[in-house]
Amino acid sequence: MSQSSLEFLIGGNSHCQVKLNAKMANRHGLITGATGTGKTITLQTLAESFSANGVPVFLADVKGDISGLAKAAKPHPKIDERIKAINIEGYQARAFPTVFWDFYATNGHPLRTTVSEIGPLLWSSLLELNATQTGVLYACFKIADDNGWLLLDLKDLRSMLIWIGDNTAELKSEYGNISKSSLGAIQRKLIVLEEQGAELFLGEPAIELNDLIHNDFSGNGIINVFDASKIIRESPKLYATFLLWLLSELFENLPEVGDADKPKFVLFFDEAHLLFDDAPKILVDKIEQVVRLIRSKGVGIYFVTQSPLDVPEEILGQLGLKIQHALRAFTPKDKKTVKIVAETFPENPAINTEQCITELGIGEALVSVLNEKGQPTPVERILIRPPESRIGPMTGEERSQHIERSPYKGRYDTEVDRESAYEILKKRAEKNKLAEENENLEKEQEKLRAAKEKQEAKSRQTSRGQTARAPRRRSNRQSTTEAFFKSAARAIGSQLGRSIIRGVLGSILK
């Protein structure tokens with residue numbers, strides 16, 4: 001390319017070229033402008049410059065039209081015209097080393113992280129929880145940590161919430177009062193998030209940062225293109241949460257590098273306003289802190305959005321590079337915005353900044369950079385240099401072939417589901433259920449034994465009663481019968497006796 005190893009050509013005009021000093025590239029930057037004014041091409045050219053100088057890049061492709069980085073530019077009269085206008089020497093169409101990533105694993109390798117790695121702060125923002133619900137979520141993470149239960153995917157988090165709801169009384173003494181209504185609200189919001197495809201993003205194998213911060217065999221920085229065209233429609237909050245997670249992971253894991261000759265890694269956050277929309281103040285403060293400190297880790301952050309006012313003032317004041325494409329001023333509010341934006345640029349006596357912002361053509365911008373001493377340079381109106389890679393997306397077949405040749409092919413494709421909170425709590429629930437069933441069975445058996453014993457006792461009592469009364473009944477029957485026979489016998493005996501006596505006496509008397 002036409003820039004030295006320590007300067008990146010941004011663009012120029014008939015009397016000057018504007019270059020970004022590589023040593024100042026980790027002071028972050030901002031690319032703004034209305035839709036269709038050339039922000040994507042500017043992002044593409046900057047990504048090329050970093051890659052060509054050995055700096056790995058991560059960028060979000062929100063419209064699906066920047067995959068052309070992996071293919072060389074095609075000749076075009078407008079490109080030739082732009083090269084001549086800027087006076088670029090040594091322009092050469094070329095492809096850049098590119099790796100594609102995608103939550104849905106259709107336009108790139110799967111991109112995953114775990115529930116634990118995101119952490120309760122980002123989760124509370126993602127789910128838009130109130131203070132009470134946020135406290136409950138923090139308690140959930142603390143309970144999981146205390147028990148050594150991994151939170152890897154959505155079913156782990158859901159199972160934890162269910163288990164906590166079933167054991168609030170036991171947990172209250174150590175973790176405080178846990179509202180079941182808050183647990184229910186969190187669970188409902190997780191269901192909505194799952195329908196938006198969040199389960200594809202959460203799980204293992206999780207992305208390793210070293211696989212993003214990588215150079216090819218020629219020393220060019222790998223450009224990681226994250227296809228966000230679908231997720232930004234399905235769940236803008238999830239998209240923003242992922243970018244913030246990535247930022248925090250870099251901050252926590254990368255070592256200090258001090259003032260290096262060039263960044264170690266650069267990130268481009270397109271649709272940057274989503275990072276701050278409806279974000280709680282505690283999260284905005286965290287982002288501000290990370291942006292301020294992460295440059296010492298050799299990381300440069302470049303926000304891409306429509307207006308500088310989309311970025312909080314505290315962060316805006318830390319940005320070294322400012323590239324402003326055209327803004328439209330059709331309403332009083334628009335005109336006020338243009339005026340405020342113009343005031344953020346260092347003055348240049350030769351340029352009416354406020355007027356220029358509304359007059360800029362496609363691919364034209366107002367630019368201010370930091371010089372080698374870290375001082376903002378006066379604003380310049382320039383043409384952005386043409387990219388050396390293809391303008392526009394790859395075809396589906398080209399992308400598929402590119403993914404098949406990727407060095408990460410097969411590394412992240414198969415999801416791993418190791419034992420975590422869900423499996424542990426499921427086994428515990430099954431064990432408790434079995435114990436409960438056994439206990440109930442023993443109780444039923446005990447009841448049956450008691451009933452049987454009672455029946456047997458009753459039968460024995462009845463049997464003894466019958467045995468005791470039987471002789472008396474037989475005595476009564478025998479006495480009646482005997483009385484009859486005895487009476488008859490006496491009668492017969494008396495008559496017979498009298499007959500015999502009469503017979504005997506008669507014989508004697510005769």
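Predicted model: local features only at pLDDT ≥ 70, side-chain atom pairs only at ≥ 80, totals over all residues.

Biologist: Fine. What does serine 51 touch, leaving out residues up to four places away in sequence?

Modeller: Val57, Phe96, Pro97, Asn220, Gly221 and Ile223.

Biologist: Which helix is serine 51 in?

Modeller: Helix α1, residues 39-52. Helices here are DSSP runs of H or I with at least four residues, strands are runs of E with at least two, and both are numbered from the N terminus.

Biologist: Is serine 51 buried or exposed?

Modeller: Buried, at a relative accessible area of 0%. Buried means under 20%, exposed over 50%, and partly exposed in between, with a 1.4 Å probe and protein chains only.

Biologist: Which residues sit on each side of β8?

Modeller: Phe265, Leu267 and Phe269 are on one side, with Val266, Phe268 and Asp270 on the other. Both faces are covered.

Biologist: And how many bridges join β4 to β8?

Modeller: Three, and the two strands run parallel. β4 covers residues 57-61. Two strands pair if DSSP finds at least two bridges between them. Phenylalanine 58 stands opposite leucine 267 of β8.

Biologist: What about β8 and β9?

Modeller: They pair in the parallel sense over six bridges, with β9 at residues 299-305. There, aspartate 270 stands opposite valine 304.

Biologist: Zooming out. How many helices and strands does the chain have?

Modeller: 16 helices and 12 strands.

Biologist: What are the spans along the principal axes?

Modeller: The C-alpha trace covers about 190 × 45 × 45 Å. The radius of gyration is 45 Å, whereas a compact globule of 510 residues would be near 24 Å. That radius is taken over C-alpha atoms, and the globule rule is 2.2 Å times the number of residues to the power 0.38.

Biologist: Last one. How much of the chain is buried?

Modeller: Buried residues make up 48% of the 510. Among contacts between residues at least 6 apart in sequence, 77% join residues at least 24 apart.

Technical notes:
Residues numbered from 1 in each chain as written. Heavy atoms only, no water. Contact = heavy atoms within 4.5 Å.
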